[in-house]
Amino acid sequence: VYFYSGPGNFSEEMLRGKRVIVTGASSGIGEQMAYHLARMGAHVLLTARTEAKLQKVVDKCLDLGAASARYVSGSMESTAFAEEVVKEAEITWGGLDMLILNHIGHSFFDFFNGDVDHVRKLMETNFLSYVAMTVSALPMLKESEGSIVVVSSISGKVASPFTAPYSATKFALEGFFSSLRHEFIIENVNVSITLCILGYINTENAVRTVSHVIKGAPAPKEECALEIIRSGALRQRELHYPASIVTPTVLLRDFAPDFLDGLVRSNLRHGAA
Ligand SMILES: NC(=O)C1=CN([C@@H]2O[C@H](COP(=O)(O)OP(=O)(O)OC[C@H]3O[C@@H](n4cnc5c(N)ncnc54)[C@H](OP(=O)(O)O)[C@@H]3O)[C@@H](O)[C@H]2O)C=CC1
Ligand SMILES: CC(C)CCC[C@@H](C)[C@H]1CC[C@H]2[C@@H]3C(=O)C=C4C[C@@H](O)CC[C@]4(C)[C@H]3CC[C@]12C
């Protein structure tokens with residue numbers, strides 16, 4: 001088994017010298033992806049709102065061996081900023097190999113309070129900016145036969161209570177990017193689209209938001225980040241991480257939906273909100 005290495009095998013060399021944009025890279029899984037990519041010798045362009053954090057992540061990336069590392073700060077609430085980030089890659093690199101869409105705007109873990117403006121804002125940050133970045137980056141990705149990596153969640157496959165706006169943004173991603181994947185195949189566009197379905201991960205924000213209500217331990221963000229990069233490099237259609245939780249959950253969704261819904265609710269402590 002050790003000596004069998006088919007074309008589907010991952011090697012960290014695959015990322016050496018590659019030009020990669022990572023959004024939401026100032027903390028959590030995005031920050032960890034930046035460190036892995038740096039270690040692998042990629043060029044990274046990082047983005048998020050908080051400049052001070054981005055500067056620290058960029059410094060660490062340079063220490064870890066990144067071919068180059070820089071950042072652009074701004075908010076993905078505006079599609080103009082999303083386009084600006086891609087423009088920056090075009091100016092500095094003249095091309096792009098991988099677009100990792102990972103950022104999310106702040107949302108509540110609570111009963112839906114009827115705030116329609118919050119839903120609109122979250123759709124703009126978590127969904128529309130992903131579309132805008134993809135549109136701007138597509139000419140460069142076609143040229144390099146590159147990859148688009150979309151970070152989603154179990155919440156984009158199976159809804160849980162207290163995540164209505166967030167869940168809607170993640171479901172939207174699957175519809176849009178799966179349709180686009182068809183069109184790429186029809187038009188012989190060799191750009192891969194990888195949808196990452198993640199369970200509960202131990203990032204500071206997630207732990208702060210749900211550790212008091214969710215049963216079960218979160219999976220490590222470092223390993224999660226590596227799995228995302230690996231699945232993108234291998235041009236896989238979908239990543240399930242951790243697979244032991246995500247895959248059975250997704251299978252149960254269509255096979256036994258009411259049973260699954262009961263499981264989801266019982267996984268959240270009584271009086272969750
Ligand atoms: N952690 C978990 O349990 C799970 C996470 N996921 C997914 O993984 C991805 C990463 O999550 P995680 O690492 O936990 O998230 P974090 O909250 O740790 O990081 C979010 C990132 O997005 C940035 N960000 C926040 N608001 C904006 C904005 N308006 N414009 C631009 N950037 C913004 C943040 O930086 P700044 O504030 O500086 O802008 C930060 O870099 C997300 O797509 C999430 O849905 C999926 C399932 C579970
Ligand atoms: C069968 C069960 C194991 C399924 C239940 C798992 C549910 C409860 C898990 C799976 C994915 C998780 C959410 C997620 O994707 C990302 C975030 C963003 C973060 O900033 C705040 C927390 C939040 C909303 C998580 C909340 C808890 C969720 C819904």
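A: Start with burial. Phe 109 is buried, at 17% relative accessibility; buried means under 20% relative accessible area, exposed over 50%, and partly exposed in between (1.4 Å probe, protein chains only). Phe 162 is buried as well, at 13%. The model is predicted: local features need pLDDT of at least 70, side-chain atom pairs count only at pLDDT 80 or more, and totals for chains, interfaces and linings use all residues. Residues are numbered from 1 along each chain as its sequence is written, ligands are numbered from 1 in the order in which they are written, and side-chain values use heavy atoms, without hydrogens and water.

Q: How do I read an aromatic pair?

A: A pair of aromatic rings is described by the distance of the centres and the angle of the planes. Rings of Phe, Tyr and Trp (its six-membered ring) pair if their centres lie within 6.5 Å; planes under 30 degrees apart are stacked, over 60 edge-to-face, the rest tilted. The count here is 4 aromatic pairs. Phe 109 and Phe 162 are edge-to-face, with 5.5 Å between centres and 65 degrees between planes.

Q: Which residues form one aromatic cluster?

A: Phe 109, Phe 111 and Phe 162 do.

Q: Which residues come nearest to ligand 2?

A: Ser 153, Ser 155, Ser 160, Tyr 166 and Val 210, of 13 residues around ligand 2; a residue counts if one of its heavy atoms lies within 4 Å. An oxygen atom of ligand 2 is 2.6 Å from an N or O atom in the Ser 153 side chain. For the Tyr 166 side chain, the distance is 2.8 Å.

Methods. Polar contact = N/O pair within 3.5 Å; in protein donor to acceptor, adjacent residues only side chain to side chain.
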